[in-house]
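User: Please go through this model with me, taking the aromatic rings and then the strands.

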Amino acid sequence: MISKLEELDRPERMVWSGRSFGIRAIHVWEFVEKDGATLVHTRESFEGLIVRLFRGTMKRILDNALQKGITALKNEAESRHSMPGS
């Protein structure tokens, strides 16, 4: 997949798109500071023939990918927060 950065409004928002196997994906990350913490909102959409034909399967794949992405981001942020000198 080749991804393209569509929008970058640091530090609040990042949007990328990509295309692979006839599927076009758009992914949005939004970061909101609240009470000394950062809340992350993420959403992604797929479109294309394969998506329409395998709607249920593609929804499960998308849900898993979003969960894995949020978990990886959380783990990375926590590891950097606990590093000496941070």
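**Aromatic rings and strand pairing**

Analyst: In this predicted model, the pairing rule gives a count of one aromatic pair. The ring centres of tryptophan 29 and phenylalanine 31 are 6.4 Å apart and their planes are at 5 degrees, so the pair is stacked.

User: Is tryptophan 29 buried or exposed?

Analyst: The relative accessibility of tryptophan 29 is 12%. Buried means under 20%, so tryptophan 29 counts as buried.

User: What is the relative accessible area of phenylalanine 31?

Analyst: Partly exposed is the class between buried, under 20%, and exposed, over 50%. Phenylalanine 31 is partly exposed, and its relative accessible area is 25%.

User: Which residue in strand 4 does tryptophan 29 stand opposite?

Analyst: Strand 3 and strand 4 (residues 37-47) run antiparallel and are joined by eleven bridges. In strand 4, the residue opposite tryptophan 29 is threonine 42.

User: Which residue in strand 3 is the bridge partner of valine 15?

Analyst: Strand 2 (residues 13-20) pairs with strand 3 (residues 23-34) in the antiparallel sense, over eight bridges. The bridge partner of valine 15 in strand 3 is valine 28.

User: Which residue takes a positive phi in the hairpin of strand 2 and strand 3?

Analyst: That hairpin has two residues between the strands. The positive phi, near 50 degrees, belongs to phenylalanine 21.

User: Which residue has a positive phi in the turn between strand 3 and strand 4?

Analyst: Strand 3 and strand 4 form a hairpin with two residues between them. In the turn, the residue with a positive phi of about 55 degrees is aspartate 35.

How values were computed
Residues are numbered from 1 along each chain as its sequence is written. This is a predicted model: local features need pLDDT of at least 70, side-chain atom pairs count only at pLDDT 80 or more; totals for chains, interfaces and linings use all residues. Side-chain values use heavy atoms; hydrogens and water are left out. Rings of Phe, Tyr and Trp (its six-membered ring) pair if their centres lie within 6.5 Å; planes under 30 degrees apart count as stacked, over 60 as edge-to-face and the rest as tilted. Buried means under 20% relative accessible area, exposed over 50%, partly exposed in between (1.4 Å probe, protein chains only). Two strands pair if DSSP finds at least two bridges between them. Helices (H or I, at least four residues) and strands (E, at least two) are DSSP runs, numbered from the N terminus.
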